Amino acid sequence: MIIYGSKSVHLKSERSEMSVCPNCGTQGSLVLSVYRRHAHIFWIPLFPIGKKGLSQCQHCKNVLYTKEMPTPIRKEFNILKNKAKGPLWQFVGLAILLVAIVWAALSVKLQG
Ligand SMILES: [Zn+2]
């Protein structure tokens, strides 16, 4: 049974008007997608680990991961990545942990 791990959440997708697909040479056919990974334990999201993404050509279906993207596509991807905001619920576990720590600290204080 898996009780911890990481999961990716889709944040944003945008068609790139300028980029040319390195596989088939079609311009404006690439769709860039940004995902944010978060660590989870017992399916409760703890905190975000980082953003990653890929592009897919709508013409030839060729998929490029960030590492494989030519510089102009990667630049455009980075702009989209910075624009994409992750959901707040990816911090839920961290918030619970903080509340637990504060609560523990307070109860120690009250006892002493
Ligand atoms: Zn293509």
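Two strands pair if DSSP finds at least two bridges between them. I kept this rule at hand while reading the model, which is predicted.

**Entry 1: the strands**

I looked up strand β2, residues 30-41, and its neighbours. β2 and strand β3 (residues 44-57) pair in the antiparallel sense over twelve bridges. I also found that strand β1 (residues 4-16) is joined to β2 by twelve bridges, and that these two strands run antiparallel.

I then checked how covered β2 is. Nine of its twelve residues are buried, so I recorded the strand as mostly covered.

**Entry 2: the turn**

Between β2 and β3 I found a hairpin with two residues between the strands. There, phenylalanine 42 takes a positive phi near 50°.

**Entry 3: the zinc ion**

Which residues coordinate the zinc ion? I listed Cys21, Cys24, Cys57 and Cys60, each through its SG atom, at 2.3 Å. In sequence, the spacing of the donor residues reads C-x2-C-x32-C-x2-C. Cysteine 24 lies in the loop between β1 and β2, and cysteine 60 in the loop between β3 and β4 (63-65), so this pair ties together parts that are 36 residues apart in sequence.

I last looked up the accessibility of this pair. Cysteine 24 has 32% relative accessibility and therefore counts as partly exposed. Cysteine 60, at 27% relative accessibility, counts as partly exposed too.

Terms used:
Residues are numbered from 1 along each chain as its sequence is written. This is a predicted model: local features need pLDDT of at least 70, side-chain atom pairs count only at pLDDT 80 or more; totals for chains, interfaces and linings use all residues. Side-chain values use heavy atoms; hydrogens and water are left out. Buried means under 20% relative accessible area, exposed over 50%, partly exposed in between (1.4 Å probe, protein chains only). Helices (H or I, at least four residues) and strands (E, at least two) are DSSP runs, numbered from the N terminus. Donors are N, O and S atoms within 2.8 Å of the metal (3.2 Å for Na, K and Ca); water is not among the atoms, so sites may look incomplete.
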